[in-house]
Amino acid sequence: MSAAEGVKPHAGFYFKESDAEILKWIARYCYLQLGDLVKLTDRNIISVRRRLLALLRQGYLDRLTLPLEREAPGNPPDAFVYRLLPGGILKAREYGFVDDDYRYTREKSNLFLAHDLLITKIHLTIELATHGTPLELVAWEQRRSVLLDWAGNGRGRLSVNPDALFGLKDREKPDGRN
């Protein structure tokens with residue numbers, strides 16, 4: 001269920017640099033929750049919540065509700081998952097946060113939202129866990145359409161559709177030894 005439909009833009013809105021930071025993180029991780037953005041931006045939960053609502057009202061963000069939480073009274077804030085809408089993708093592209101292949105999938109099913117959020121949490125956990133260590137996350141790709149491939153099993157071809165692909169590098173090892 002999307003909250004972007006039926007939300008009226010706010011006349012006094014202006015786009016802040018801190019809004020660009022929010023778009024950057026959502027573009028990077030695809031799906032984020034309020035608590036994730038608070039950790040990534042190192043900002044107060046109230047200010048992040050206000051800016052998320054402003055970006056939602058302006059058509060930059062979509063706010064989905066996790067399926068199991070939809071029936072909870074008042075939809076608790078932890079149930080909300082944010083992603084970029086086409087307007088947010090355009091703004092993120094202006095800042096260089098996304099490439100021309102970054103797409104909005106309108107038909108994104110809520111059935112897979114919890115799964116996609118789990119992939120995002122893995123990505124976030126790897127980045128946070130490697131911060132300040134010799135390990136560096138050098139690549140992450142989460143777009144299934146880009147990752148589709150096949151593998152041979154000796155009797156034919158099998159479709160391979162990974163959730164994500166990533167690479168880690170040990171900065172203490174010389175090039176070519178990772």
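1. In this predicted model, helix H1 and helix H2 (residues 34–41) pack at an angle of about 115°, with their axes 11 Å apart; axes are lines fitted to C-alpha atoms, for helices over the stretch in contact, and angles run from 0 to 180 degrees between N-to-C directions. Helices here are DSSP runs (H or I, at least four residues), as are strands (E, at least two), numbered from the N terminus. Residues are numbered from 1 along each chain as its sequence is written. Because the model is predicted, local features need pLDDT of at least 70 and side-chain atom pairs count only at pLDDT 80 or more, while totals for chains, interfaces and linings use all residues; side-chain values use heavy atoms, without hydrogens and water.

2. From H1, Glu-21, Ile-22, Trp-25, Ile-26 and Tyr-29 meet Leu-37, Leu-40 and Thr-41 of H2, where contact means heavy atoms within 4.5 Å. These residues divide into six nonpolar, one polar and one charged (Ala, Val, Leu, Ile, Met, Phe, Trp, Tyr, Cys and Pro count as nonpolar, Asp, Glu, Lys and Arg as charged, and the others, Gly among them, as polar).

3. H1 also packs against helix H3 (residues 45–57), at an angle of about 80° and with the axes 10 Å apart. That angle makes H1 roughly perpendicular to H3, a term used for 65 to 115 degrees. Asp-19, Ile-22 and Ile-26 of H1 make this contact with Arg-51, Leu-52 and Leu-55 of H3, and the residues involved divide into four nonpolar, no polar and two charged.

Key
Angles under 35 degrees count as roughly parallel, over 145 as roughly antiparallel, 65 to 115 as roughly perpendicular and the rest as oblique.
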